[in-house]
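Notebook open, model loaded. I want to jot down what I look up as I go.

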Amino acid sequence: PTNGSLGPLWAVSVTGYVMTAWLWVHRRELPEHAADVSGYLCCVLASIVTAASHDAATPFCLFYLWVTVVSCHFLPVRRAVPQILVVSPCYAVALALTGQAFPWFRWALLSLTVVVVGVSVTAMRARLAALVGVLADSARSDALTGLKNRRAFDETLDVELERAARTGDHVGLIIADLALFKAINDQFGHPAGDEVRRPTARA
């Protein structure tokens with residue numbers, strides 16, 4: 001930065017890389033709240049680089065958006081909302097430390113942008129989850145009858161066999177066949193056979 005200090009920027013950069021490396025190495029043993037803590041730490045780091053730039057117009061404030069996007073994409077809403085709410089006061093403190101007149105418009109613009117981005121990412125995440133659920137159901141059911149297909153049968157059978165092995169209960173399996181179904185297809189065609197399969201599946 002033209003008027004800023006390079007020392008804090010180097011310190012934040014090193015801290016960020018060290019944090020990332022530590023999180024990666026310990027990713028399998030981290031407690032659940034580690035994601036929340038790292039989000040708040042990132043807000044603090046963004047505030048330090050913003051203040052160290054000594055420029056209210058610094059683009060470093062965009063780092064707050066990364067925290068918002070990642071929090072809203074990976075965390076439950078109840079844990080992402082506090083991280084969004086922390087951005088506004090952190091940015092206000094950083095702007096106050098730049099030593100310039102407080103830019104209310106810039107502060108309000110980023111605060112509002114963070115909220116809009118957070119809501120948008122959360123909505124897209126919910127839609128994506130719903131779509132994945134629909135696709136998963138489609139992959140496990142027969143389009144004509146709505147019954148579970150071979151994949152779902154295998155999954156269910158595995159679960160029930162494991163449950164029986166664990167609890168010592170018995171497992172019952174009924175196999176049924178539609179008598180003369182081939183004759184219906186041959187005599188009346190496959191559309192007629194489909195019409196027979198639907199009510200049979202419902203029954």
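Is Leu180 buried or exposed? I looked it up: Leu180 is exposed, with a relative accessible area of 68%. My cut-offs are under 20% relative accessible area for buried, over 50% for exposed and partly exposed in between, with a 1.4 Å probe and protein chains only. Leu180 is in the loop between helix 6 (150-167) and helix 7. I also noted its positive phi of about 60 degrees, although Leu180 is not a glycine.

Ground rules before I go on. This is a predicted model, where local features need pLDDT of at least 70, side-chain atom pairs count only at pLDDT 80 or more, and totals for chains, interfaces and linings use all residues. Residues are numbered from 1 along each chain as its sequence is written, and side-chain values use heavy atoms, with hydrogens and water left out.

**Overall build**

I counted eight helices and zero strands in the protein chain. Here helices (H or I, at least four residues) and strands (E, at least two) are DSSP runs, numbered from the N terminus. The C-alpha trace spans about 85 × 40 × 25 Å along its principal axes. The radius of gyration of the protein chain is 29 Å, while a compact globule of 203 residues would have one near 17 Å; I take it over C-alpha atoms, and the globule rule is 2.2 Å times the number of residues to the power 0.38. Buried residues make up 25% of the 203.

I then checked contacts, meaning heavy atoms within 4.5 Å. Of those with a separation of 6 or more, 60% come from residues 24 or more positions apart.

**The cores**

Which residues have the most contacts inside the largest nonpolar core? They are Cys43, Tyr64, Val87, Tyr91, Leu110 and Val114, in a core of 20 residues. Helix 2 (34-52), helix 3 (63-74), helix 4 (77-97) and helix 5 (104-139) each supply at least two residues of this core. Helix 4 gives the most, with seven residues. For me a nonpolar core is a set of buried Ala, Val, Leu, Ile, Met, Phe, Trp, Tyr and Cys residues joined through side-chain atoms within 4.5 Å.

I followed Tyr64 further. Not counting residues up to four places away in sequence, Tyr64 touches Cys43, Ala46, Ser47, Thr50, Val87, Cys90, Tyr91, Ala94 and Leu110. Apart from this core lies another, of six residues, among them Leu9, Met19, Leu45 and Val49.

**Single residues**

Ser38 lies in helix 2. I find Ser38 buried, at 16% relative accessible area. Leaving aside neighbours within four places in sequence, Ser38 is in contact with Met19 and Leu23.

Asn185 sits in helix 7 (residues 181-188). Asn185 is buried too, with a relative accessible area of 14%. With neighbours within four places in sequence left aside, its contacts are His190 and Gly193.

What does Val69 touch beyond residues up to four places away in sequence? I get Val117 and Val121. Val69 is in helix 3 and counts as partly exposed at 30% relative accessibility.

Last, I checked His54, in the loop between helix 2 and helix 3. His54 has a positive phi of about 55 degrees and is not a glycine. At 29% relative accessibility, His54 counts as partly exposed.
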